Amino acid sequence: MHIEDFDFELPRELIAQRPAQPRESARLLEVCPNAGLADQRIADLPECLRPGDLLVFNDTKVIPARLYGRRNEAKVEVLLHKPLSPSENDVDDQRLCWAAFARPAKRLRPGERITFAEGFTADILQKREGGELILAFSMTSEDLSQALNQHGEAPLPPYIDRPQGADEQDRHDYQTIFAEREGAVAAPTAGLHFTQDLLTKLDERGIERCGVTLHVGAGTFLPVKASVVDDHRMHSEWGEISPAAARRISDAKKAGRRIVAVGTTSLRILETAAATSGTVEAFSGDTDLFILPGFRFQAVDVLITNFHLPRSTLFMLVSAFAGLDRMQQAYRHAIAQNYRFYSYGDACLLHRGGDA
């Protein structure tokens, strides 16, 4: 398939700059199994789902991973996106290492140092394709976490317009109610719609839930540059499904109950660990699963997800899950009805029915 197959025109004014308040007042477009479309609200979700459904959410927590520093007198913007083990950084350095994107990247060289604040620096160990760097910090993970909380900024995606940078409201808004385990540098945005009141109503409806982890990387923002989409290389992200969560998910599948993934990140880690029977194994490690039309889903039956960028791996994923024609129709309807798009925007409820 070619990148043009996943393209569409989106009016800029439909890109949400702040989330709906309250969060469950956001709109929800249900893409029904019979190919029909139903305009709902997030608050309607308990009635859209069935008693016995198992809701699987991503419990990752966004860290303030955007940093501003200097290389000598030159300003540098850095976005950390993945911690690396010594075996992953390709150099003989035992310090705390992270993969990062930087702007401007062209003038940066291995051996140079970026200073973010007094006592807070990073050495450039390696330069990779696409402006990616390997940075080494002379501190512990705990010290780096404290430094990021003091000097870092919420890593908002580039389509959210903040000339002065992310603000304190964003620190709250760009975090889900499920957030527990630090490590993401982008929010699992479907989870942003959930509130304690909505969870209570889901409980009353008999809808169960459990958590998995996928630390979302900044690679989610990167455009697909390959004209043939199969040639695109996904950045890996670290995820984990505990043995207890794997048992709950597998037991639900065996009982014929539906697995409802909250977001594409939850779906990707579930399908990474899924067997052909639909059961899910415990998992801990990296995944670079790239889902295109033709992919055979094993675990997930229903997907809650936001509206995604044209030509993106996420629009390819939802097209694989619900069918490219259906998603093109759904997005045309959403644009005509002024749905709000992207991270702070509205959501879709998709029933599995792809082109596989």
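Trainee: How do the residues of the lining of the largest cavity divide by class?

Mentor: They divide into five nonpolar, three polar and one charged, where Ala, Val, Leu, Ile, Met, Phe, Trp, Tyr, Cys and Pro count as nonpolar, Asp, Glu, Lys and Arg as charged, and the others, Gly among them, as polar. Keep in mind that this is a predicted model, in which local features need pLDDT of at least 70 and side-chain atom pairs count only at pLDDT 80 or more, while totals for chains, interfaces and linings use all residues. Residues are numbered from 1 along each chain as its sequence is written, and side-chain values use heavy atoms, with hydrogens and water left out.

Trainee: Okay, and which residues line the largest cavity?

Mentor: The lining includes Pro19, Ala20, Arg23 and Ala26, together with Leu192 and His193, and also Ser343, Tyr344 and Gly345. On a 1 Å grid over the protein atoms alone, a cavity is a set of points where a 1.4 Å probe fits but cannot get out, a pocket is an open set with protein on both sides within 12 Å along at least five of seven lines, and lining residues have an atom within 4 Å of a point.

Trainee: How many cavities of 30 Å³ or more does the search find?

Mentor: The search of the whole structure finds two. The second largest cavity is lined by residues including Met234, Arg268 and Phe290, and helix α7 (residues 313-322) gives the largest share of that lining, with three residues.

Trainee: Switching to pockets, what lines the second largest pocket?

Mentor: There are 23 lining residues, of which Pro83, Trp98, Glu182, Gly183 and His215 lie nearest the centre of the pocket. By class, this lining has nine nonpolar, nine polar and five charged residues.

Trainee: And which element gives the most to that lining?

Mentor: That is α2, with five residues, and among the other elements that each supply at least two are β6 (74-84) and β7 (96-103).

Trainee: New topic: how many disulfides does the count come to?

Mentor: The count comes to zero, taking a disulfide as a pair of cysteine sulfur atoms within 2.5 Å.

Trainee: Is Cys48 buried or exposed?

Mentor: Cys48 is buried, with a relative accessible area of 14%, and Cys210 is buried at 5%; buried means under 20% relative accessible area, exposed over 50%, and partly exposed in between, using a 1.4 Å probe and protein chains only.

Notes. Helix = DSSP H or I, 4+ residues; strand = E, 2+ residues; numbered from the N terminus. Points joined across faces, edges and corners; volume = space filled by probe spheres on them.
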